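Dear colleague,

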Amino acid sequence: MKLSQIQYERPDKDEIIAKYNQILSDFDTAKNADEQIQVYQDCIQMQKHLNTMASLAYIRFTLDTRDTFYSNECDFYDEMGPIFEDYGIRFADKMLSSPYREQLEQRLSPLIFLNYEIAKKAFHPNAIEQMQEDNRLCTEYKKLLSSAKIAFRGEELNIPQLGKYKESPDRETRRQAYQAQGQWMKEHAQQFDDIFDKMVHVRDKMAKNCGYENYVQLGYYRMGRNCYSPQDIAAFRQQVLQVWVPFLQQIKAQQAQDLNLDHLKLFDDSIWLQEGNPQPKATVSEMFENGKRMYHEMSSDTGEFIDYMLQHDLFDVLARPGKSGGGYCTELPEYQMPFIFANFNGTYEDVDVLTHEAGHAYASYRAMRSIPLYELTQGGMETCEVHSMSMEFFAWKWMPLFFKENAEKYKYMHIGNALSFIPYGTMVDYFQQLVYEKPDMTPAERKSLWLDLEKQFRPYLSNEGITYMEEGGRWQCQSHIFERPFYYIDYCLAQTVAFEFLIEMHRDYDKAFSCYQQFLNAGGSKTFTQLVQDAGFPSVFSEETFSKMIPQLKQILESLRNNLSSEQ
Ligand code: ZN
């Protein structure tokens, strides 16, 4: 069956609630662990169906945002999400207090129970109203950001369309593109400030209604974090400031020198070559031919995966009117189908769709087939991002297919941007923590906090010349800060593990790849820290991790840079 042939039907609210009530009472009357497991399976089956329908509605809405039917369906899930969550928690509670719990843990997995404990901490019926309001505010932000119509050189562009000018080899073009976006954001500053201010207060109240002092702890629980705490993240952040930032400062100085600049500005940050960043030399159909060849050559298993994706039309990558911006990978669990959404724009980002998003899809494809317990197919977001970010590196071997003679340049830019990301991502996380610790900060105070953090985490970069960014407004177009609180450090933790895979693959590619496959196969059946340990890597929170990997990353970076100068 292809994605387009799957039938959508809105789940009936009353029926779901009745079914949940039935499940709850069946669980109580079950006479032994076997019978309780039977009820558990029924419950999971229903949740799987709900998730499949919600995911299908979201996919179809993003494929054509003008479609009011699917837009209404998405509103339905925004509204019903917290109510269904309430019933899910009631069920989790029954499992946790079952007289047969020991047997259940043995037969299912103790991790399911740990995750239930966390899910319970992440919810309280008194907070449903704030959760619904939070969902509505997220939609309002999404609409505001996607409503952007920015006049630029005779065209009217949205933010993603401005992207190619922000990456232009011509510095003045880049500056003007950033300035145009900054100007538009400044004109809408009041709206951005208001939405975020409401979000912070709604989340703070949500946290208080769940029994916490502020949103920080609740945010961690809502991210389902089952193996590290805000203290671990604080230790990671210390390493970033003490070890990573000084290391990166050297690299950025080299980058500035290569670009013939005294000092990097915001609009130079992602540019690594004077001639500009390399772009793929392939048409869309060639890109897919190359992708297919790459995954077939990588392993028989990835070959099967890519064939499955293509045969079932599980990519939608061409930009067209009405289609939502951005890119993502999701899944339809009832059909064991991953799905990749993107908007190709002719830049190297198109290749990322075939490496990063396909890395997610490959992990999801494998987990849905190899892990019998649905709840353990997917781990935390940091685990999922290891799948995708590592695949970006495992795909390096095939970059000549996409970039021809510029493949080395692509790799150099790729690792450069990955290294630069660590302080940025950490700063985004720390910003959120400080904001939720002091919910009564004014919008102006939040902007000044952002500028302070920029000085600490990115001392090599200046916002000079970009009005709104100089005023500390840069974070307002980082959608995670609005829509997915505390989902950001995940990328930094995952990038760190992906660097470990990159170093390993330079020692022994095949060994590193099979280690990666084991990481994927486990899905969410182990915690992130356990998976990292099983892969033979040191903890990402350990004091030595960065200092150990830095010399090796430097070596990889330098050898790429040397190849470039010998090519010229
Ligand atoms: Zn990702």
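T330 stands opposite F339 in β6. This is a predicted model, in which local features need pLDDT of at least 70 and side-chain atom pairs count only at pLDDT 80 or more, while totals for chains, interfaces and linings use all residues. Residues are numbered from 1 along each chain as its sequence is written, and side-chain values use heavy atoms, with hydrogens and water left out.

β5 and β6 pair in the antiparallel sense over five bridges, where two strands count as paired if DSSP finds at least two bridges between them, and strands are DSSP runs (E) of at least two residues, numbered from the N terminus, just as helices are runs (H or I) of at least four. The two strands form a hairpin with four residues between them, and Q336 in the turn has a positive phi of about 55°.

β6 (residues 337-341) is also joined to β4 by two bridges, and these two strands run parallel; F315 has I340 as its bridge partner in β6, and D316 has F341. The result is an open sheet of three strands in the order β4-β6-β5, with mixed pairing, in which β4 (315-316) and β5 (328-332) are the edge strands, each pairing on one side only.

Why is β6 largely enclosed by the rest of the structure? Five of the five residues of β6 are buried, where buried means under 20% relative accessible area, exposed over 50%, and partly exposed in between (1.4 Å probe, protein chains only). M337, F339 and F341 lie on one side, and P338 and I340 on the other.

Elsewhere, D12 lies in the segment before α1 (13-29), and, because its relative accessibility is 40%, D12 counts as partly exposed.

Best wishes
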